[in-house]
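This report describes a ligand shell and the pairing of strands. The sequence and structure are shown below.

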Amino acid sequence: MITVERQPKVPITDIEQSAFCRTDESLEAKPLIEEFKAKVEWQPLPKDYMGLKPDELSDRIAVARAKLGDQLMILGHHYQRDEIIKFADYRGDSYLLSQYAAKQKEAEYVVFCGVHFMAETADILTGPNQKVILPNMKAGCSMADMAPTEDALDAWADLSAVVLDGLIPVTYMNSTADIKALCGRNEGIVCTSSNATEAFQWAFRRGEKILFFPDQHLGRNTSLKLGIPVEEMVVWNPFKPLGGLTEDEIRNSKVILWQGHCSVHTRFTVKQINEAREKFPDVQVVVHPECVQEVVEAADMDGSTEFIIKVVEDAPAGSVFGIGTEINLVSRLAKENPDKTIFSLDPVVCPCATMYRIHPAYLAWVAEGLVAGKVANQITVNEDTAHYARLALEQMLSLKRG
Ligand code: SF4
C-alpha cells in the first residue's frame, strides 16, 4: 500500500472564502485599491489601474474591445460581477462555456472571466492558434484546490490496488487539468452539474464503482438520484492512509466520494429554507446540487446554474423564488425578472471569493495589453495533460445534456 499520513493542508482559497461577505446588499465594484483591503491574495497590477473608478474602467475596456474586434472573445461565467458580465460575448455555466470554447475557433484571444480550471478547460478545447487568458491568476476555485494532483494520483494507485477491476474515475468540471487527465488516462469522464446523472450512468455501464472528484455533495446528490443508498457511498479523506477507509468498506461501496466541497454552496441550510417558507408561503426553493444533501432534499428543485435560470425565467409573473446559489447570479436574476420576487436563501451577501477576484481593472489591464501586443496571464496546459484531459472532456461533450 502506497499511502502515507499527510499533514492536512486546507486550501488558501477556502480560508479566504468569507473575505467578501457583507450584510449590505450592494455588489457594486469599488476601485481596486479599495478592494485590495479584503484579506485575499490578489495578483499585483500596475499602479495606473489601482485607483480607477468602475465607470472609467468600463470606458477603457469598451475602447480596447472595439479595437480588438473579432480577435477577442470574452467568456463570462454567471457568477461574475455585473461590471464584467456586461462585456461577455457569451455567458454561461461551466458546461455552456466549455461548449462555446470548443466551437469558436476564430478568435485569437479568449479572455475567460471565470476561474482557473475553466480557463484550463478552454485552453484544452480551443485551437492551437488561440490564446486563453485569465485576467487575474489568483482566481482559483477552493473546491478544485481540494484535490491536488499528488493526492489524487496516490488515491488512484491505492484504490486500484484494492479494486482490481471496474473502477471508473469521474471528475466534476471543477477540477484541475491534471485530474481531468487522470480520468482520460483511465477511461473515465468529466461531468458538470448539468450532466452528472448521465455521466454516472455512462460510468456504471462500463464499471461497477465510481471514484468521484472533488465535490462530495454533487457526487452524493447524484448517486441518490440514481437510487444508490448512502450506505453504498464512502468518503475518501485525502489526509488519511487509504482515505480513512478499510479495504472492505472500499470493496462494498459503489461510489467513492472525494472529500471536497464548494465553500459557497455549503453555506445554505435547511433553517434558511424553513425561514423562507415562513416568510413567503408560496416560495419555490431552488438550489444547486453542490449544496449538502439535507438542503437539496428540503428544496423544491435542484439543478445546475442554467437549470436555475431557466426555471426562474419560465415562471409566471408574481412567482416567488428562494435560491441557493452564488449571489451575483441571484441578484442578476432579481434585476432581470422584476415581475417576480427573487432572493438568496442566505441573508449574508457572500460572493464566491475567487470568481469575485476578476475585478474590471484586471479585464481592462489584459485587454489594453492585447491592444499593445502583450499577452498577459496566458493559461497553457502541457500537451500530454491536455491530450488525456481532452479525451475525458470529449466524452462528456458527447453525452446528451440532462
Ligand atoms: S462557486 Fe464554489 S465551485 Fe464555483 S468557483 Fe466558487 S468555490 Fe469553486
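Two strands are said to pair if DSSP finds at least two bridges between them. Helices (H or I, at least four residues) and strands (E, at least two) are DSSP runs, numbered from the N terminus. The model is predicted: local features need pLDDT of at least 70, side-chain atom pairs count only at pLDDT 80 or more, and totals for chains, interfaces and linings use all residues. Residues are numbered from 1 along each chain as its sequence is written.

| Pair | Sense | Bridges |
|---|---|---|
| β10 (residues 284-287) and β12 (residues 320-324) | parallel | four |
| β10 and β11 (residues 301-302) | parallel | two |
| β1 (residues 72-77) and β2 | parallel | three |

A separate topic is the open sheet of four strands, ordered β2-β1-β3-β4 with parallel pairing. Its edges are β2 (90-92) and β4 (131-133); each has a single partner strand, so one side of each is left without a neighbour in the sheet.

The ligand is surrounded by 13 residues, the closest being Cys 141, Met 143, Cys 262, Val 264 and Cys 352; a residue counts as near if its C-beta atom, placed from the backbone, lies within 6 Å of the molecule. At least three residues of the shell come from each of domain 1 (31-140 + 354-381) and domain 2 (144-263 + 384-397), with bounds taken from an automatic or database domain assignment.
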